[in-house]
Amino acid sequence: MAVTTTPSITRVDGNDPSTTTEKLVEILKRDGGVVVENLISKELAAQIKKDLKPEFDRDLPDKYGFFPETTQRATGLLGVSEACVELACNKHYIDVANAMVSSHYTFWRGDRQQTVSGKPIISTTAGFRVNPGGTQQVLHRDDK
């Protein structure tokens, strides 16, 4: 008989001193996701919501049918909202991204080896507003 368990997502408090980059990276590597409560202030969250409302309101229904009509999308968030820029500059966000996505490699340049590193760069942003009546997506990865 197979034993099944309902998956759970670890929740941590962004203001707790024990919520370190190392702890977040460990949870992400183990579980593939983590919820960081209190990552930003309620005031910043309210400002982001206010800033993005016109963008969501302008969204057209998805003609391919992937997103239900109850889901609205916005893109280019850093160009729309200074509050989104503040979120993207959050220390936890930056430190975890640097720890998990930075690359390091060594190559030959002439007769010498050279080692270089690169940190992640935000090249695109997207937001989703799921309105009443919308259903929750299953936990998934976009990169398969």
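How many salt bridges does the structure hold? The structure holds seven salt bridges, a salt bridge being a side-chain nitrogen of Lys or Arg within 4 Å of a carboxyl oxygen of Asp or Glu. The model is predicted, so that local features need pLDDT of at least 70 and side-chain atom pairs count only at pLDDT 80 or more, whereas totals for chains, interfaces and linings use all residues. Residues are numbered from 1 along each chain as its sequence is written, and side-chain values use heavy atoms, with hydrogens and water left out.

View A. Lys53 and Asp57 form a salt bridge in which the closest N and O atoms are 2.6 Å apart.

**View B. The salt bridge of Arg73 and Asp59.** Here the closest N and O atoms of Arg73 and Asp59 are 3.3 Å apart. Arg73 lies in strand E3 (residues 71–75) and Asp59 in the loop between H2 and E3, so the pair ties together parts that are 14 residues apart in sequence. Arg73 counts as partly exposed at 21% relative accessibility, and Asp59 counts as partly exposed at 21% as well. Elsewhere, salt bridges that share partners join Lys53, Asp57 and Arg129 into one network.

**View C. The salt bridge of Arg30 and Asp31.** The side chains of Arg30 and Asp31 meet with an N to O distance of 2.7 Å. Arg30 is exposed, at a relative accessible area of 53%, whereas Asp31 is partly exposed at 35%.

**View D. Aromatic ring pairs, including Tyr105 with Phe107.** The count comes to three aromatic pairs, under a rule in which rings of Phe, Tyr and Trp (its six-membered ring) pair if their centres lie within 6.5 Å, and planes under 30 degrees apart count as stacked, over 60 as edge-to-face and the rest as tilted. The ring centres of Tyr105 and Phe107 are 6.1 Å apart and their planes stand at 40°, so this pair is tilted. Tyr105 is partly exposed at 48% relative accessibility, and Phe107 is partly exposed at 27%. Ring pairs also link Phe66, Phe67 and Phe128 into a cluster.

**View E. The largest nonpolar core.** Eight residues make up this core, namely Leu44, Ile48, Leu52, Phe56, Ala74, Leu77, Ala83 and Cys84. The elements that give two or more residues to the core are H2 and H4, and H2 gives the most, with four residues. A nonpolar core is a set of buried Ala, Val, Leu, Ile, Met, Phe, Trp, Tyr and Cys residues joined through side-chain atoms within 4.5 Å.

**View F. The largest pocket.** The largest pocket has a volume of about 1,500 Å³. On a 1 Å grid over the protein atoms alone, a pocket is an open set of points where a 1.4 Å probe fits, with protein on both sides within 12 Å along at least five of seven lines, and lining residues have an atom within 4 Å of a point. The volume is the space filled by probe spheres set on the points, which are joined across faces, edges and corners. Of the 33 lining residues, Tyr93, Ala126, Gly127, Phe128 and Asp142 lie nearest the centre of the pocket. The elements that each supply at least two lining residues include helix H1 (21–31), helix H5 (91–101) and strand E6 (126–130), and E6 gives the most, with four residues. By class, the lining has 22 nonpolar, ten polar and one charged residues, with Ala, Val, Leu, Ile, Met, Phe, Trp, Tyr, Cys and Pro counted as nonpolar, Asp, Glu, Lys and Arg as charged, and the others, Gly among them, as polar.

**View G. The second largest pocket.** This pocket has a volume of about 300 Å³, and the residues that line it include Tyr93, Ile94, Asn98, Met100, Pro120 and Ile122. Its lining has nine nonpolar, one polar and no charged residues.

How values were computed
Buried means under 20% relative accessible area, exposed over 50%, partly exposed in between (1.4 Å probe, protein chains only).
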